[in-house]
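Here is a short report for someone meeting this structure for the first time. Look over the chains, then read on.

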Amino acid sequence: MNRLLPRALMAPAVLTLFLWMIVPLVMTLYFSFVSYNLMQPGDHPFVGIENFQYFITDPDFWPATWNTLLLIGSVIVITVVFGVLLALLVNEPFPGRGIVRVLLISPFFVMPAVNALLWKHMMMNPIYGVLADLWRFFGAQPVDWLTDVPLLSVIIMVAWQWLPFACLIFITSLQSLDREQMEAARMDGASSFQRFFYLIIPHLGRPMAVVIMIEMIFLLSVFAEIAITTNGGPGNESTNLTYLIFKQSLMNFDVGVASAGALFAVVVANIVAVFLIRIVGKNLD
Amino acid sequence: MQPSNFLPQLLRTAGAWAVALLLFFPLGWLILTAFKTELQAIHVPPLFVFEPTLDNFSEVQRRSDYLLYARNSLITSLGSTIIGLLIAAPAAYSMAFFRTKRTRDILMWMLSTKMMPAVGALVPIYVLAQTAGLLDSLTALTIVFTLSNLPIMVWMLYSAYKDIPNEILEAARMDGASLWTEFRHVVLPLSVGGLASTGLLCLVLSWNEAFWALNLSSAKAGTLATLIASYSSPEGLFWAKLSAASLMAIAPIVVFGWFSQKQLVQGLTFGAVK
Amino acid sequence: MAYLELKNIEKSFGETQIIRGVDLEINKGEFIVFVGPSGCGKSTLLRLIAGLEPITKGKLLLDGKDITWAPSGKRDLAMVFQSYALYPHMSVYDNMSFALKLAGVSKGEIRAKVEYAAQTLNLTQYLDRTPKDLSGGQRQRVAIGRAIVRAPKVFLFDEPLSNLDAALRGNTRVEIHKLHRALGATTIYVTHDQVEAMTLADRVVVLRDGLIEQVGTPLELYDHPANRFVAQFIGMPSMNMVAASAIPSFSAATGGRLPSDGFLGVRPEGLRVHPKQAAVSGVQGRVELIEALGADTLIHVDVGGVPLIARQNERTPLHAGDDVAVELDPSVLHLFNHEGRAVPA
């Protein structure tokens, strides 16, 4: 009984997650090597690495990869840098701190779909949007965000949504900062700047790594914002890997090529995940 | 407080408030617009002072398909949360109290399944759903939501169970408690908080989920995410209503989010930040 | 026949063997103390008796019944944990009545028993509170009350005083002693504090590295330690241990009974320190440190490179650095051979 019970308790979770992991993976592997179009019924002949070649030689491939890197990189830089600064700003008590925290945290819980529409219509519309009004207030010509700088617009939207996350992580981490160490440094004559550099930054090193990696994993899958605002365009200017694969599979209905692309994305994600798991694993016991 | 501290403190307070208001502005603007008439909403320059109206909300409510989508969101979120808890709780319990050499590896493996991009599974899941006739069905969405959130739920419940000191369970054992009694009288009451916050987090994540909702559903099983997404083409005089609809869609979750900040940090970083 | 018998108990965790063969017989009503340095296995042994860990090898018998494989709840034992392990979500009353409730005892009987125990422990006014509203000392009494209410065959205490501050520790120690006299229950008490061992125990079991070094009454262990380890463990400050060749005149005082590669043991109260000028006999030494405790005075001396501690109840005019002569009382000498075992006097 003593050995059966634990296994029985874990079985549903392990089994379902295993299927959730294996079935799509095996299917994707299979699809990537055959010719399969959802619109064309019939058999799926084996085509070797043709799908992979097709995916990589797609004129949208390199732009999409580049956009993905740019998107992820920019959002990470923005959220980490400003996240740290904001967290430091809010770390010490001041009147209304609770409300400020609530205000700062809110964007993270907004549905990505609402997020996209909010920015598309409210903020970035070149005629009626708030940003347009602001530009006009300063006498400048309003920017047609989604047409002229689509990738930047997406970056702004996503960064706005994830900044609270980074901020929250850093706030939590700062609370475990050793007060006595800071006081000792102050007594040793360290300036605020020195204390920041030599004590706070190293302490935040681990949360920063975690934030960067979590964001890398989730940002790779940015989809709703692009689908709802720019549809990857104009052209492929704001297409990322996820959107490209989506386009291949559910718009071109070419399952084979899409699967090849998906494998590519999975490999990339795997690399990041390995590092993240190592960090998390160290914390588990 | 020493007088020399006053100026920095003032600057800090002003700075924090300024940044917070700036960051919150888009959301705040959404809230304001929801109470405007359509004409007021597109007024140039933008209006900050106006007479609020509740017409938009009642208008949106009258549209029956809004209620349908809201109902779908509710069903899929609640469904995935409940099913997820039912699967995750025993697994987490087993890993916390019947720990073996492999427990750590299994936990890490579960977390790794969460780290794979959803797009990697898009095609197979779509094909499977199509073959099973489950496209555009609440069943498919609920299953997918459950599986997406399962690793996080297992992790958070594991963490909650581990927080119960082992000696209390040993005391129960010495008092003559069987395994079931131990669970019912000691573990359950002490882990209710963890169960609640895990459920809350799953609710938030499922409700906001857009990728699978957009790809696996259309007319019948669409959630609020898909409804909002369908408004992506501008139709002119409808922003106030759109804001009202959006506000109704996000308000409960944002409020939940305020209450579950700590759990969010723990859940989404898999405990790497405490 | 003994009430509780441990027969050749062994316990291993994987490759590591913690308990390496323990035989013990405990009589009904005895207060037994397990004492020893950290890592000696005393807590593990207690947990084996409680059934919280399975016994690797050996047998455990209680009141004639073999309970080696019985689950904890069925052994009729009660344990007071080091961290008290109270149920945080239950009131004091519920904490104390939990076991009885599980056993199906009637509500009226439960009420009577709990109230009686609460009265004995001065907990009556706290019955409705939850543990987080109680002080450390009060929580500890609830933990004890939880055990008393069950009227078990044996009480098990796992370092119950270690989380209390010094003043409270002394008071509670006395209360535990009085409680034992009132209830007369068989008790096994684990501690690393030898003062608790000496004052509470009917018999003391000294453990080291998973084996019993010696079993006996406190004074037996004090006056006739079976080996060097017990000799130096019991008694504060510990017994002075001198190699046979280190101070020849001391070794000579044993009349040749001390093996040349053995050790001579003498307790601090067996040494007398005199100022050099006043000395008639004794070995030369120099005072390193004086510790004046009020009722006792401890004099640390260096005798030819060997550090010794002497104890006396009179105050001393000596200071650090003074030259002195150290005398030995030959009637309280302990002799140990090369392996550390006592040589009969």
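Two strands count as paired if DSSP finds at least two bridges between them. Strand β14 (residues 283-292) of chain C and strand β17 (residues 323-328) of chain C pair in this way, antiparallel, over four bridges. The model shown here is predicted.

**The sheet in chain C**

β14(C) and β17(C) belong to an open sheet of five strands. Its order is β13-β17-β14-β15-β16 (chain C), and the pairing is antiparallel. β13 (271-275) and β16 of chain C stand at the edges. Each has a single partner strand, so one side of each is left without a neighbour in the sheet. From one strand to the next, the twist averages 45°.

L308(C) lies in strand β16 (residues 306-312) of chain C. Is L308(C) buried or exposed? L308(C) counts as buried because it has 23 C-beta neighbours inside 10 Å, and the cut-off for a buried residue is 20 or more. Leaving out residues up to four places away in sequence, L308(C) touches N240(C), L271(C), V301(C), V303(C) and V326(C). L308(C) and M241(C) are 67 residues apart in sequence. In space, C-alpha to C-alpha, L308(C) and M241(C) are 8.3 Å apart.

**A hairpin in chain C**

Strand β9 (residues 203-208) of chain C runs antiparallel to strand β10 (residues 211-216) of chain C, and five bridges join them. R208(C) has L211(C) as its bridge partner in β10(C). The two strands form a hairpin with two residues between them. In the turn, D209(C) has a positive phi of about 50°.

**Two domains in chain C**

The domain assignment of chain C gives domain 1 (4-228) and domain 2 (238-343). The centres of domain 1 of chain C and domain 2 of chain C, taken over C-alpha atoms, are 39 Å apart. Four residues from domain 1 of chain C and seven residues from domain 2 of chain C make the contact. On the domain 1 side, these are two nonpolar, one polar and one charged residues.

**How the chains meet**

Which chains touch, and how many residues take part? The table sets out the two pairs of chains that touch.

| Pair | Residues of chain B | Residues of the other chain | Classes on the chain B side |
|---|---|---|---|
| B and A | 83 residues | 80 residues of chain A | 65 nonpolar, 16 polar, two charged residues |
| B and C | 14 residues | 17 residues of chain C | eight nonpolar, two polar, four charged residues |

Chains A and B have the most contacts of the two pairs. On the side of chain B that touches chain A, helix α1 (residues 6-34) of chain B gives the most, with 16 residues.

α8(B) has the largest share, six residues. No contact joins chain A and chain C. Their closest C-alpha atoms lie 13 Å apart.

**A covered helix in chain B**

Helix α13 (residues 261-268) of chain B is mostly covered, with six of its eight residues buried. They are Q263(B), L264(B), V265(B), Q266(B), G267(B) and L268(B). What do the buried residues of α13(B) pack against? In chain A, the elements are α8 (150-174) and α10 (192-219). In chain B, they are α7 (138-162) and α9.

Conventions
Residues are numbered from 1 along each chain as its sequence is written. Chains are lettered from A and ligands numbered from 1 in the order in which they are written. This is a predicted model: local features need pLDDT of at least 70, side-chain atom pairs count only at pLDDT 80 or more; totals for chains, interfaces and linings use all residues. Ala, Val, Leu, Ile, Met, Phe, Trp, Tyr, Cys and Pro count as nonpolar, Asp, Glu, Lys and Arg as charged, and the others, Gly among them, as polar. Domain bounds come from an automatic or database domain assignment. A residue is buried if 20 or more other C-beta atoms lie within 10 Å of its own, exposed if 12 or fewer, and partly exposed in between; C-beta atoms are placed from the backbone. Axes are lines fitted to C-alpha atoms, for helices over the stretch in contact, and angles run from 0 to 180 degrees between N-to-C directions.
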